[in-house]
Amino acid sequence: MASTQTHERSRLEDITTRLRLDIVRSTTEAGSGHPSSSLSMVELLTVLYFDGVLRHDPGRPDDPDRDRFILSKGHGAPGLYSVLAEAGYFPPEELLTLRKLGSPLEGHPNMNRLAGVEASTGSLGQGLSIGIGHALAARLDGRSYRVYVMTGDGEMEEGQVWEAVMFAGNHALDNLTLILDHNAYQQTGAVDDIEPLEPLEDKFRAFHWEARTIDGHDLDAVAEAYDWARRIEGKPQAIIARTVKGKGVSLLEKEPWKWHGKPLPKEEADKALAEIGGAA
Ligand SMILES: Cc1ncc(C[n+]2csc(CCOP(=O)(O)OP(=O)(O)O)c2C)c(N)n1
Ligand SMILES: [Mg+2]
C-alpha cells in the first residue's frame, strides 16, 4: 500500500512539479512536441515510477524480470523522458536536447536509442498489442513481471486497441494493466464529439477485464488503483484515469483543442513555469 504519510506525499508532489517544469522547458526549447498530452500523465507516471509500483532499476534496464511500462501514446514522449531522467536513466541536462539532431530523445520514443524505453511508439493503437507480447512472454518464461501500457482516449478509437483488449481478456492476462489517460480531448476536439467511448467500464468488462475509473491527478487514488490492479487474478485490468489535458498550465487547460502538439512560445512558457512553481 502506498504511503499516505505527509513527507512521502510531498516528495511525490515535488516530483510532479519537476516533471511539469521539465515538460514545458524541453518542448519550448525544442520548438515542437506535445506538452499538453504529457502534462495529463504526470501523476499517473509519478506514482508508477516513484512510489514503488514499477519494479525497475535504471542500472539494469535489460533485467529480464523488470516490470515493463509502454507508452502507447508515444507523442507523450516529453513526459516519459522527464520521468526517465528523474529516475536516473540519463542526466536531466539532456532533456533540453529533445528533438535535436543526433539526440536519443526523439520526437517519439525509440527503444533502440534510449534505455528505459520499452517500445518504439508513436503510431497510435499499437502499444497494447506490444504489451500483450510481453505479458504472454512472462507467462511462457515463468517470470513474474507485470506490464503497464498507457493509451490516450482518442487512441481508443483505433480498431487494433479493441482487438488487443479482446485477446488479453480471452487469455486472462492478469499481469497486464492498461492505464487510460482519459483527458477528454484528442487532436482536433473533444473525444465525446468525435467518437464517444462510454460506457467504458462496461466495454472492458464485456471483454473479460476488470475496470475502474479514478481521478488521474489524485496521487492517493492513483496509488490505490495500482494496488487494486496488482491484486486481481485471472483478468487484465483497466484503470480509466480522468485527467485534464495540459494539467498545471492554465493556458493549455482552458482551450485544449487549440494546443494539441504545440509547445508554448517562450513568453508563455515563462508564465507557465512560474505558475507550476517549485524550486526545481
Ligand atoms: C495511427 C496514428 N494516427 C494519427 C496520429 C497523429 N496523432 C498524434 S497524437 C493524436 C491525438 C491523440 O489523442 P489522444 O489519444 O487523446 O492523446 P492525448 O494527446 O489527448 O493524450 C493524433 C491523431 C498518430 N500518431 N498515429
Ligand atoms: Mg486525449
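So, how many helices and strands are there in the chain? Twelve helices and five strands, taken as DSSP runs numbered from the N terminus, with at least four residues of H or I for a helix and at least two of E for a strand.

Quick housekeeping. This is a predicted model, where local features need pLDDT of at least 70 and side-chain atom pairs pLDDT 80 or more, while totals for chains, interfaces and linings use all residues. Residues are numbered from 1 along each chain as its sequence is written, chains are lettered from A and ligands numbered from 1 in the order written, and side-chain values use heavy atoms, without hydrogens and water.

Okay, burial. Of the 280 residues, 54% are buried, meaning under 20% relative accessible area, with exposed over 50% and partly exposed in between, using a 1.4 Å probe and protein chains only.

Now the salt bridges: a side-chain nitrogen of Lys or Arg within 4 Å of a carboxyl oxygen of Asp or Glu. The whole structure has 21 of them.

Take Lys73 and Asp181, which pair up at 2.8 Å, N to O. They sit 108 residues apart: Lys73 is in the loop between strand 1 (68–71) and helix 4 (77–87), and Asp181 is in strand 3 (residues 176–182). Are these two buried or exposed? Lys73 is buried, at 2%, and Asp181 is buried too, at 0%.

Then there's Glu255 with Lys258, at 3.1 Å between the closest N and O atoms. Here Glu255 is partly exposed at 28%, and Lys258 is partly exposed at 42%.

Last one: Arg9, Glu13 and Asp220 are linked in a salt-bridge network.
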